[in-house]
Amino acid sequence: QLQLVQSGGGLVQPGGSLRLSCAASGIDLAYDAIGWFRQAPGKERQGVLCITTRGDSTTYADSVKGRFTISRDNAKNTVYLQMNNLKPEDTAVYYCAGTNRDSDVFCSGLSAGYDYWGQGTQVTVSS
């Protein structure tokens, strides 16, 4: 059974860091592009970053440039979202998602570009 299991969310003070994990079972993530999305209360889901099977990443949310990075460890079948210098406006539920469509050359910032999703994890940035 294909499953993405997320971990690593929580409460952090402004300026702090968190690392989110997205671990797969039932599928080899080495063949899939992975995206991270977030959804704040009352707002639409937003594409944050994504990574292709080749390890090329794209940042779709301008507000996280220079602060968030995405990486993958195919040996652990896991993709990570490292979030540094967190701000209150980063507060949201974060989701990872995967697809094998054109996954070596492109990864989308749109929800429709993905075929399966993690369960979501809450990130709260507050003092």
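Select Tyr 60 to start: Tyr 60 sits in the loop between β6 (57–59) and β7 (strands, E, are DSSP runs of at least two residues, numbered from the N terminus). Tyr 60 is partly exposed, with a relative accessible area of 35% (buried means under 20%, exposed over 50%, partly exposed in between; 1.4 Å probe, protein chains only). This is a predicted model, in which local features need pLDDT of at least 70 and side-chain atom pairs count only at pLDDT 80 or more, while totals for chains, interfaces and linings use all residues. Residues are numbered from 1 along each chain as its sequence is written, and side-chain values use heavy atoms, with hydrogens and water left out.

Next, pick Cys 96 in strand β9. Cys 96 is buried, at 0% relative accessible area. Show its contacts (heavy atoms within 4.5 Å). Leaving out residues up to four places away in sequence, Cys 96 touches Leu 4, Gln 6, Cys 22, Ile 34, Gly 35, Trp 36, Tyr 116, Trp 117 and Gly 118.

Move on to the largest nonpolar core, which has 27 residues (a core is a set of buried Ala, Val, Leu, Ile, Met, Phe, Trp, Tyr and Cys residues joined through side-chain atoms within 4.5 Å). Select Trp 36, Phe 68, Leu 81, Met 83 and Tyr 94, the residues with the most contacts inside this core. Color β3 (18–25), β4 (33–39) and β5 (46–51), which are among the elements giving two or more residues to this core. β3 gives the most, with four residues.

Last stop: a second, separate core of six residues, including Ala 33, Phe 37, Cys 50 and Tyr 114.
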